[in-house]
Amino acid sequence: MLKEPKPGRVKTRLGRDIGMTASAWWFRHQSSALLKRLEDPRWDLLLAVAPDRAGLTSRVWPSHLPRIPQGQGDLGARMARQFYSMPPGPVCIIGADIPGITPARINEAFRALGNHDAVFGPAPDGGFWLVGLKRNAPPPPSLFENVRWSTEHALADSRATLPDAKIDTVATLADVDTAADLARV
């Protein structure tokens, strides 16, 4: 899932620390490097973009990668929409602000879905960098409802929306939300 890297519209918490233009520049280059790393014949790479119209026509992202709009709503509604709309089979969703994502990490998540209904890649702040669903049955209608996004409760709340699912976790990776996060990477 990607946002168009416009100052003041992407990485705003980081922007409060280093400036909105600098945070958008970082996100643009981080995302570009991530997309290059993750192109792999083992999976299809699809860009869920926002805002919808600008993301679909953006010249920032590689033109050969297919794009779909994220649509309206909070992060949970936009992620759930992706899970509901994809053809049957396993799907993993990631953000683009996690420098530690590698093809090996993505492969690990898809492997986990072989024996589990869902997989999460936790983040140290209580959120997550990856969520995947096996999708051998429709996701629950309450998927990602009432999740306290951008808090230490995001992962626990998200797991709670999958009450009957067999859930696995993969490696913990950090995203970049502040200047301190950026300094660590």
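## Salt bridges

A salt bridge of 3.1 Å, N to O, joins the side chains of Arg-13 and Asp-177. This pair links distant parts of the chain, for Arg-13 belongs to helix α1 whereas Asp-177 lies in the loop between β7 (167–169) and α7 (179–184), 164 residues apart. The term salt bridge stands for a side-chain nitrogen of Lys or Arg within 4 Å of a carboxyl oxygen of Asp or Glu. Helices (H or I, at least four residues) and strands (E, at least two) are DSSP runs, numbered from the N terminus. Arg-13 counts as partly exposed because its relative accessibility is 36%, and Asp-177 counts as buried because its value is 8%. In these terms, buried means under 20% relative accessible area, exposed means over 50%, and partly exposed lies in between (1.4 Å probe, protein chains only).

The model is predicted: local features need pLDDT of at least 70, side-chain atom pairs count only at pLDDT 80 or more, and totals for chains, interfaces and linings use all residues. Residues are numbered from 1 along each chain as its sequence is written, and side-chain values use heavy atoms, with hydrogens and water left out.

## Further charged pairs

The count of salt bridges comes to seven. Among them is the contact between the side chains of Arg-42 and Asp-40, at 2.9 Å from N to O. Arg-42 is partly exposed because its relative accessibility is 48%, while Asp-40 is buried because its relative accessibility is 18%.

Asp-157 and Arg-148 also meet through their side chains in a salt bridge, at 2.8 Å from N to O. Asp-157 is buried, since its relative accessibility is 12%, and Arg-148 is partly exposed, since its relative accessible area is 42%. Elsewhere, salt bridges that share partners join Lys-11, Arg-13, Asp-97 and Asp-177 into one network.

## A parallel sheet

Three strands form an open sheet in the order β1-β2-β3, with parallel pairing. The edge strands are β1 and β3, each of which pairs on one side only. Two strands are said to pair if DSSP finds at least two bridges between them. Strands β1 and β2 pair over two bridges in the parallel sense, and Leu-2 stands opposite Val-49 in β2. Strand β2 also pairs with strand β3 (residues 67–69), again in the parallel sense, over three bridges. Within β3, Arg-67 is the bridge partner of Leu-47, and Ile-68 is the bridge partner of Ala-48.

Strand β2 (residues 47–50) is covered on both faces: Leu-47 and Val-49 on one side, and Ala-48 and Ala-50 on the other, are all buried. Ala-50 counts as buried because its relative accessibility is 11%. The C-alpha atoms of Ala-50 and Met-1 are separated by 8.0 Å, although the two residues are 49 residues apart along the chain.

## An antiparallel pair

Strands β4 and β6 run antiparallel and are joined by four bridges. In β6, Leu-130 is the bridge partner of Ile-94. From strand β4 (residues 91–94), Val-91 and Ile-93 point one way and Cys-92 and Ile-94 point the other way, and all are buried.

## Backbone exceptions

Most residues other than glycine have a negative phi, and most peptide bonds are trans. The peptide bond from Ala-50 to Pro-51, however, is cis, with omega near -10°. Pro-51 is placed in the loop between β2 and α3 (52–57).

Lys-11 is not a glycine, yet its phi is positive, near 55°. Lys-11 lies in the loop between β1 and α1 (12–18) and counts as buried because its relative accessibility is 13%. Arg-135, likewise not a glycine, has a positive phi of about 65°. Arg-135 is found in the loop between β6 (128–133) and α6 (154–160) and is buried, since its relative accessible area is 11%.

## A helix residue

Leu-35 lies in helix α2 (residues 20–38). Leu-35 counts as buried because its relative accessibility is 6%. From C-alpha to C-alpha, Leu-35 and Pro-88 are 24 Å apart in space, and they are 53 residues apart in sequence.
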